[in-house]
Each structure stands twice: as structure tokens, then as C-alpha cells.
Amino acid sequence: QRDEDGSSVRGALSFDPTPDAQVLYKAMKGLEYGSNLEEDIKSDTSGYFERILVCLLQRDDPRCYVDSAMVLQDAQALYAAGEKIRGTDEIQFITILCTRSATHLLRVFDEYQKLASKSLEDSIRSETHGSLEDAMLAIGKEHRTPLLFTAKLINVSLQGAGTCDGTLIRVIVSRSEIDLNLIKAEFLKIAGKSLSTMILEDTSGDYKTALLNLCGSDK
Ligand SMILES: [Ca+2]
């Protein structure tokens, strides 16, 4: 099982639509359909759902990019789109929550808390409803616990019938120079054994060696 056949789309341990959206995008942009997923989404969906999918597709770097100049501005825009007005500007919520990186959003959440004297989640609960509320809360939750989320993603990738190579490589390479040690600690808690032990057991050959090198030894 590999990413390319869509196996990373299974199981929703937590909500991270970006990799799935990208896999889907690659798959659908291909030969069979000969058309652009963004256009397909626009013609097949509508309203908030369309907006969420299109925004997620446009998100280039879902993890790391922080635009410092935009942090306060985003927090103010969210406040102005919800608490400050009668009714809610849902599109503004969707645009900010679905296009900014996780790291950027963590800083926006902090600024928002200072500005509004309540958490963004509380505002989402009072300003939005139904499936939009669920989607916005899930995105917020994922961003607040990125280490745990990533550890879960690795765990899911290592389990099951086969090892989900694409996801494993993507996650371990992308985090190896950032916060992989912290992720490894979360991993040990949820999996009950270390990441390097799991890699030793579930992978083989050069691939195993490469992952172990990136992952480092257990401390
Ligand atoms: Ca309001």
C-alpha cells in the first residue's frame, strides 16, 4: 500500500485534509480526467464546502510558514468577522483557517485570545454551526496539537496491512530537522514503543536504513 494508490486517505484519527487533498489533486489532475480538480470542485460543490476545499488546495506549505506581519492582522480579521459584528462572516473564517500554515495559526490563536479575551474555539462555537462548526473546530484542534497529530499519522502509516511508505517518508523527512525528537516522545506514548523500534520491525532494506538515519537512535 502506498500513498499513490490513495491509502493515506483512510481512517480519520484526526483531521488533516491537506495531504489527502494533495493526493486527490495529483490523482485527479492526471490522465483519466484531463481536468483540474479545483474546477471540478467548483462545479460539483457549493457554498462553504466548496470554499473549504478550494482553500485547502491552495495551501502551499501546510506546516511551517509564518507571516509575522499577518499574524495580528489575521487575529483582528477573525475578531471582526465574528465577535465584533452581528452575524458572522463565515467566508473570512474559512479563508484564514484553511489557507494559513499550522505554525502561523498557532500564533494567530494566541493573538486572538489577547484581543477577544476568549479562545478562537469558543468564538467558532458561538459564531458557526453544524458541519462548518465541526470543520473549523477540527482544523483548530489539529493545529493546537501538531506533535501529537504527527505522531498519530506516523503510527497509522506504520500499521495495517502494509507500511504506508509515502506518508512515512514525507513526515519523517519533513520533520527531521525541526521537531522530530518531540514527535518521537509523543509517538512512544501512543504506540507503546519507540519509533526506531517500529521502523526496525516494519520496514526493510535501504529504506529502513535511511529512515533510521533520519530518525536517530533512542535516547
Ligand atoms: Ca457575531
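This is a predicted model: local features need pLDDT of at least 70, side-chain atom pairs count only at pLDDT 80 or more; totals for chains, interfaces and linings use all residues.
**Overall make-up**

The protein chain contains 13 helices and zero strands, and from the N terminus on its elements accordingly run α-α-α-α-α-α-α-α-α-α-α-α-α. Of the 219 residues in the protein chain, 32% are buried. Among the contacts in the protein chain with a separation of 6 or more, 62% are accounted for by residues 24 or more positions apart.

Helix H8, which spans residues 130-144, has 15 residues, and the distance from its first C-alpha to its last is 21 Å, close to the 21 Å expected at 1.5 Å a residue. Its buried residues are Leu132, Ala135, Met136, Ile139 and His143. Seen down the axis of H8, these buried residues fall within an arc of 95°, so they line one face of the helix. On the other side of H8, Gly130 and Ser131 are exposed.

Helix H7 covers residues 120-127, and its axis comes within 9 Å of that of H8, the two crossing at roughly 175°. H7 and H8 are therefore roughly antiparallel to each other, given that angles over 145 degrees are counted in that class. Where the two helices meet, Leu120, Glu121, Ile124 and Arg125 are the residues from H7, while Glu133, Met136, Leu137 and Gly140 are those from H8. Sorted by class, this contact of H7 with H8 has four nonpolar, one polar and three charged residues.

The buried residues of H7 itself are Leu120, Ser123, Ile124 and Glu127. They cover an arc of only 105° around the axis, which puts them on the same side of H7. The packing partners of these buried residues of H7 are H4, H6 and H8.

**Helices H12 and H13**

A second pair is formed by H12, residues 195-202, and helix H13, residues 205-215, which pack at an angle of about 175° with their axes 10 Å apart. H12 and H13 are therefore roughly antiparallel to each other. In this pair, Leu195, Ser196 and Ile199 in H12 meet Lys208, Leu211, Leu212 and Cys215 in H13. The residues of the contact of H12 with H13 comprise five nonpolar, one polar and one charged.

Within H12, the buried residues are Leu195, Met198 and Ile199. They cover an arc of only 100° around the axis, which puts them on the same side of H12. Of these, Leu195 and Ile199 are also listed among the residues that meet H13.

| Pair | Sequence separation | C-alpha distance |
|---|---|---|
| Asp67 and His104 | 37 residues | 6.7 Å |
| Thr88 and Glu127 | 39 residues | 6.0 Å |
| Leu214 and Val173 | 41 residues | 7.0 Å |

Asp67 lies in the loop between helix H3 (47-58) and helix H4 (68-81), and this residue is exposed, with 12 other C-beta atoms within 10 Å.

Thr88 is placed in the loop between H4 and helix H5 (90-99), and with 18 C-beta neighbours inside 10 Å this residue counts as partly exposed. Once its neighbours within four places in sequence are left aside, Thr88 is in contact with Ala81, Gly82, Glu127 and Thr128.

Leaving aside neighbours within four places in sequence, the contacts of Leu214 are with Ile172, Val173 and Ser176.

Ser117 is found in the loop between helix H6 (102-116) and H7. This residue has a positive phi of about 55° although it is not a glycine, and it is exposed, with 9 other C-beta atoms within 10 Å.

Key
Residues are numbered from 1 along each chain as its sequence is written. A residue is buried if 20 or more other C-beta atoms lie within 10 Å of its own, exposed if 12 or fewer, and partly exposed in between; C-beta atoms are placed from the backbone. Helices (H or I, at least four residues) and strands (E, at least two) are DSSP runs, numbered from the N terminus. The arc is that of the directions from the helix axis to the C-beta atoms. The expected span of a helix is 1.5 Å times one less than its number of residues. Axes are lines fitted to C-alpha atoms, for helices over the stretch in contact, and angles run from 0 to 180 degrees between N-to-C directions. Angles under 35 degrees count as roughly parallel, over 145 as roughly antiparallel, 65 to 115 as roughly perpendicular and the rest as oblique. Two residues are in contact if their C-beta atoms, placed from the backbone, lie within 7 Å. Ala, Val, Leu, Ile, Met, Phe, Trp, Tyr, Cys and Pro count as nonpolar, Asp, Glu, Lys and Arg as charged, and the others, Gly among them, as polar.
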